[in-house]
Amino acid sequence: RGFIKTGLGKRIAYNLISAFGSSSLRLAYALALSDLILAPATPSNTARVGGVIMPITTSLAKAFGSEPQDGPRKIGSFLMQSIYQVNTITSAMFQTSMAGNTLVAALALQSFGIGITWGDWAMAAIVPGIIALIIMPYFIYKVYPPEIKDAREAQQMIREELKGLGKISFQEWVMLGVFILALVLWATSQFTKLDATTVAFLGISILLATSVLIWDDVKSEKGAWDTLVWMG
């Protein structure tokens, strides 16, 4: 929610597209990299793609006149397939990139006495995950190719959108700091002995104390409460 509300997630994606998205394939990789960066601190893969990545992808497709009812194969269908398939990969790469992963870790501990830390999970998944991320957009590009290959027009549009965002705000700086803090504490949990949930509560507390999020944001995050109740 913090990534979406502050606009930091959009800024990260825009910067990557502005730097690398000169072709339809490179555009797909820029979106994949955006997803990968956001994944460790976005336990809802639906919120990550639905709230940050998909709206940007939709805007890119519209810029080329590629919509579901009109010219989907120009570039829109390719990008949508790419972000969907990539999201299934990033969801498996970190213990905190999808709600179900923490349940798996809890079951491993309860059923088999095997404790899986955030670092253990990341170390085990990082190599196959990166290989899959490298292969997947190119594979889709070959089996489900877009009609438009040159994406410089959309890249220029994104650069204009990036200028419109202005300078990075205080809320974005706080969100970025909390993001980095959470990653560092999760990755070093085997040394600090801090539970992943404790780190998450620390991050939420900082966001609330600095008014990056307000309590209404927490109450209205229905997906998180659904996860808490059903998995509990």
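Residues are numbered from 1 along each chain as its sequence is written, and side-chain values use heavy atoms, without hydrogens or water. Because the model is predicted, local features need pLDDT of at least 70 and side-chain atom pairs count only at pLDDT 80 or more, while totals for chains, interfaces and linings use all residues.

Helices are DSSP runs (H or I, at least four residues), numbered from the N terminus. Helix H6 covers residues 99-112. At 1.5 Å a residue, its 14 residues should span 20 Å; the expected span is 1.5 Å times one less than the number of residues. Buried residues have under 20% relative accessible area, exposed residues have over 50%, and partly exposed residues fall in between (1.4 Å probe, protein chains only). Ala99, Gly100, Asn101, Ala105 and Ala108 of H6 are buried. Gly113 follows H6 and has a positive phi, near 70°.

A nonpolar patch lies on the surface. Its members are Val127, Ile130, Ile131, Ile134, Ile135, Phe139 and Val143. Together they have about 660 Å² of accessible area, computed by the Shrake-Rupley method with a 1.4 Å probe, and for residues only the protein chains shown count as cover. Patch residues have over 30% relative accessible area and no salt bridge; nonpolar side chains (Val, Leu, Ile, Met, Phe, Trp, Tyr) are joined within 5 Å, and like charges within 9 Å. Val143 is placed in helix H7. With 53% relative accessibility, Val143 counts as exposed.

Side chains of opposite charge can pair when their charged atoms come close. A salt bridge is taken as a side-chain nitrogen of Lys or Arg within 4 Å of a carboxyl oxygen of Asp or Glu. The count by this rule is seven salt bridges. One of them joins Glu172 and Arg11, with the closest N and O atoms 2.7 Å apart. This pair links distant parts of the chain. Glu172 lies in helix H9 (residues 170-187) and Arg11 in helix H2 (residues 8-20), 161 residues apart. Glu172 counts as buried, at 4% relative accessibility. Arg11 is buried too, with a relative accessible area of 11%.

Asp35 and Arg48 form a salt bridge with an N to O distance of 2.6 Å. Here the link runs from helix H3 (residues 24-38), which holds Asp35, to helix H4 (residues 45-63), which holds Arg48; the two residues are 13 residues apart. Both Asp35 and Arg48 are buried.

The side chains of Lys163 and Glu160 also meet in a salt bridge, at 3.8 Å from N to O. Both residues belong to helix H8 (residues 152-165). Because they are three residues apart, Lys163 and Glu160 are separated by about one helical turn. An α-helix has 3.6 residues a turn, so residues three or four places apart point the same way. Lys163 counts as exposed at 62% relative accessibility, and Glu160 as partly exposed at 42%.

Positive phi values also occur at non-glycine residues. Lys193 has a phi of about 65°. It sits in the loop between helix H10 (189-192) and helix H11 (196-209). Lys193 is exposed, with a relative accessible area of 67%. Ser211 likewise has a positive phi of about 65° without being a glycine. The loop holding Ser211 runs between H11 and helix H12 (215-220). At 47% relative accessibility, Ser211 counts as partly exposed.

Leu207 lies in helix H11 and is buried, with a relative accessible area of 6%. Neighbours within four places in sequence aside, Leu207 is in contact with Val174, Met175, Val178, Val212 and Leu213. The C-alpha atoms of Leu207 and Gly2 are separated by 7.9 Å, although these residues are 205 residues apart along the chain. Ser18 is in helix H2 and counts as buried at 13% relative accessibility. With neighbours within four places again left aside, Ser18 is in contact with Gln155, Ile158, Arg159 and Leu162.

Technical notes. Contact means heavy atoms within 4.5 Å.
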